[in-house]
Amino acid sequence: MAKITMIEAIAMAHGWEMQHDPRVVVIGQDVGANGGVFRATAGLQQRFGKDRVQDTPLAEAAIAGMSVGMATHGLKPVAEIQFMGFLYPALDQIVNHMSRMRNRTRGRLTCPVVMRMPHGGGIHAPEHHSESTESMLCHIPGIRVVCPSSPARAYGLLLAAIRDPDPVMFLEPVRLYRAVRQEVADDGQALPLDACCILREGSDATIVTWGAMTIETLRAAAELEKRGVSVEVIDLCTLSPIDIETILESIAKTGRLVIVHEAARNVGVGAEIAALVAEHGLFDLQAPIRRVTGFDTVVPLFQLEQEYIPSTQRIIDTVQLTLTEGA
Amino acid sequence: MKCRPNNIWPVNTVPEITPAWHNSRMRNVAEFKIQYRQILDPRGNPCAPLPAFAADADELRRMYRMMVLVRIFDAKCVNLQRTGQLGTYPSCLGHEATHVGVGAAMLPEDVLAPVYREVGTQLWRGVTMGEMLLYWAGDERGNDFSQPRHDFAWCVPIATQTLHAAGAAMAFQVLKQPRCALAYIGDGGTSEGAFYEAINLAGARKLPVVFVIVNNGWAISVPVSAQTAAETLAQKAIAAGIPGVQVDGNDCIAVRQTVAEALDAARRGAGPAVIEALTYRLSDHTTADDASRYRGEHELKEAWNLEPMIRMREFLSRSKLWDAAQEGNLQQECAEQVETAVRMHFQQSKPGSDAMFEHLFAQLPVHLQEQRATARRYAAKVSGH
Amino acid sequence: MSTFKLPDLGEGLAEAEILEWHVKVGDQVRVDQPMVSVETAKAVVEVPSPFSGVVTALRGAVGDIVPTGAPLIDFDSGTVVGSMPAHNEEEFVEQAGVVPVRARANGSGNGSGSGRAVPAARALAKRLNVDLTNLAGSGRGGLITIDDVLAGVDALGARNAPAVAGGAPESLRGMRRAMAQSMSQSRDQVAGSTVCDDADIHSWNRRGDFTLRLMRALIFAWRAEPALNAWYDSASLSRTLIDHIDLAIAVDAPDGLIVPVIRGIDGKTADQLRAAIAAQKEAAHQRRTAAKDLRGFTLMLSNFGTLAGRYGIPLVVPPAVAILGAGKVREDAVAIAGTVQARRRMPLSLSFDHRCITGGEACRFLAAVIADLERPE
């Protein structure tokens, strides 16, 4: 079994599902002959034809709105938004239609749509290409938000997202597209949605993170271990709805929680996790919950990208802070 | 010689099967046509009367000089990216005539809403090569143009800038200032809702704004024929109730004259216009793209026959305004100018972490002062890493 | 010699395959001359030479895959300036075969019991040095409550009761501890001296904003006599006059004395000052004054008269050299031109560090404060 990158795993998941479900179609800008600007749809048009892999005009509202029409009438669109920064014209369709079609028609019409988009920064891309605005999406009732952090999880979670009967926003951390290789079996096995992954077990503190920040978090955990601190690392995987039980169980064991995300702090997904833990797990906490996040600033152009993205050192320092706080 | 639109990519035509009412006896209530202008043919021969400004030899040489500078600077930027010294860069190779023609047609007090490829227009208006290098090297200071202070900065979210130009034009109308706004947009951008909203609104309010569609044939990998069924992009103006015209975007003289006429009319209260400049993207979309994956070699070769530098140079030398010695000097001068700008660029220090906070608000809120301190504390560690 | 490393040629590309070298060892190359063609995951790209020089080594053969950031070619000279950060392949530190799993337990964990406590009880236990693991919780599910902690203290007290009645020693914490330290420092270092006087504020609107007026008066006095807005370094016997005022304002907070700093008061409008004061007072009462807001003041103000007290001897905290105290405003019988009138007056006490401030400077400063305060609004 060859070791593949996340981007190859994503293309592979598309291929499997298109092969096995004729309703699946891929749409987006440059997804056809070009195979997507990141090559996530490479080879699909040659393999499945122009009807099932369609380049759209340059219009994001059209991509989302057409997905609603296609999904309600027999297709399962997997739509690519070229960068998360270009999602916003599509929000009208997502908020006002895609997310609520099932509810407002009492289940008569449904939207099994996957909208994939590159997420986050760290690849010195141009302006508007490095944002992480997942909390905007998580605030919309009726859609799922999923974010894989390894090639295997990208494969399994994308299959699950395509098979899910409801709309899924699938956020792909650009920093991880080609950062690591992993053996992934092309066996059509989906992974469960709405469930966390425990990337590393530990007993002194819990770190919850997702997407590309798993890199710095796992590095921090490894460094802390050398200093005698045992950290449990949880990858959220599905950002909405949150699998809070797994997090609570971990906190009951460790008593300390640090949340790490690349997105800005203010009203980020970390705030929701902190609130849920405050509601359901407060008495297990031995120290205040801490967050390590991007700053509440515009994501800077790439000269300052590394200053914006939370560093391994910030995570280490924050974990150590929680260990000195409280009882 | 007959002027021909220099499209080389497939052009849409009216479909053969049409609704039954297409040929039935109905009354015409409105009819439209789209005109095309070319002044210099691809070999530099005038095929239409020359405009008044073309009598000024210095002005023509100034336009040509700028085109040459743009081409050399552009090639340098691509090389800097290839050697890891610049971020992703969108080349403007082949667009020099359109960009310089538009720059020369505008008045300094007009407002430009660029996309991200219009090096020629911006250099003409006073943005420096240093500022451009800063921006593409990932530093916001590049957006702080030394001049013109009132122009919009580069605009990556496609088509959004067209509404900004319409808004600026509305400000001029309300404030009774004799100024115009000019928005660029690409062929792909005309598929975005914002573009239709902008031209419609500009028409409804008769705003002093000109929209220049730079039709270079390709929106990354999507050709115009897959972007729209319309025969021209200029005709999109018709639906907005405003004039639309095509111009040979590789003909700097035709572009300048057409844009100048539209701006002049807009300034005198005639309202907006759409100008479709037909040119060709001789490069990849950006340095992160590889056009050979989706574009035929033949088409690219054809396009090189129509490129804008030759015809301007041929026209000038045939008119005895330019010779080989001048050409050699100019190439060397421009190369030196570019090298100097690049050298000075690399002498600048990297922005500090405070730059993230400096211009976020007029006055930084208290909670952000704490974050600024955190950023400072860790910035040293990041760069030391 | 200089080595050119393969840059990230796209956006986040990890590697590139060498397709063709356009130069060989020994070649003299010019800047921007085509050097090598490589294929990335996204494109075939021709990489030009970043500088001029003689090629001394090619660090890869055709067909080799070179990771981003790895050496590509060596030159006998030349430097690349301003190069972009390279991206190395990440080490994959995660254990293999990790899949999402929903927690088996339903709800809030395994409730191991030892030390599960109400947060406030946990904080109290820490303050009182009570070990939670030794306490039995009386709350739901064995949760330790505040009463349990207090009972724990009593039990502890019964065991370790001091010989004297009326309470156990409490080690100072937080703000009170900081106060103890800074006041000791003041006592040990400063040659304090205090002058007192009154400002006649009878002409003020009754709702006058005292703190703001006092700040304005301090700015006015500083312009008249800059010596009091300074830092004194006893080690080098040097003083530094400061070109702006960062004013520390004493705030009486539940946990002790908090002295947050309002920065650059001489450059702020009245509205900005009001907002800054309000924000710092609020922060002090919420116990979330940032540490940076407690440092680096150049002058101090204590408006203790809002509580009680006429004159006082405020203490200067080094390296600052002066502090103004404002007492309780009251109506005094004042002799004016041979008649006795009832006038509202504000008692003022100015302490200064006599090591570097002369009595004359202090008195001129105080006179200027009074002059400004006595102006009608």
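Predicted model: local features only at pLDDT ≥ 70, side-chain atom pairs only at ≥ 80, totals over all residues.
**View 1. Where chain A meets chain B.**
On this side of the model, 33 residues of chain A are in contact with 37 residues of chain B. If you're looking for landmarks on chain A, go to helix H11 (305–308) and helix H12 (312–324), the elements that give two or more residues to the side touching chain B. H11(A) gives the most, with 3 residues. Sorted by type, the chain A side comes out as 17 nonpolar, 10 polar and 6 charged residues.

**View 2. Where chain C meets chain B.**
Here 21 residues of chain C are in contact with 15 residues of chain B. Strand E5 (residues 44–48) of chain C gives the most to the side that touches chain B, with 4 residues.

Follow the backbone from A:Ser240 to A:Pro241 and you'll find a cis peptide bond, with omega near 0 degrees. A:Pro241 itself sits in the loop that runs between strand E12 (238–240) and helix H9 (244–254) of chain A.

**View 3. A cis peptide bond between two prolines of chain C.**
The bond from C:Pro318 to C:Pro319 is cis as well, with omega near 10 degrees. To find C:Pro319, look in the loop between strand E16 (299–302) and strand E17 (322–326) of chain C.

**View 4. Positive phi at A:His128.**
A:His128 isn't a glycine, yet its phi is positive, near 70 degrees. You'll spot A:His128 in the loop between strand E5 (114–119) and helix H6 (134–138) of chain A. Why does A:His128 count as partly exposed? A:His128 has 16 other C-beta atoms within 10 Å, and that puts the residue between the cut-offs of 12 or fewer for exposed and 20 or more for buried.

**View 5. Positive phi at C:Leu237.**
C:Leu237 is another residue other than glycine with a positive phi, this one near 50 degrees. The loop that holds C:Leu237 lies between strand E10 (230–233) and strand E11 (238–241) of chain C.

Key:
Residues numbered from 1 in each chain as written. Chains lettered and ligands numbered in written order. Contact = placed C-beta atoms within 7 Å. Nonpolar A, V, L, I, M, F, W, Y, C, P; charged D, E, K, R; others polar.
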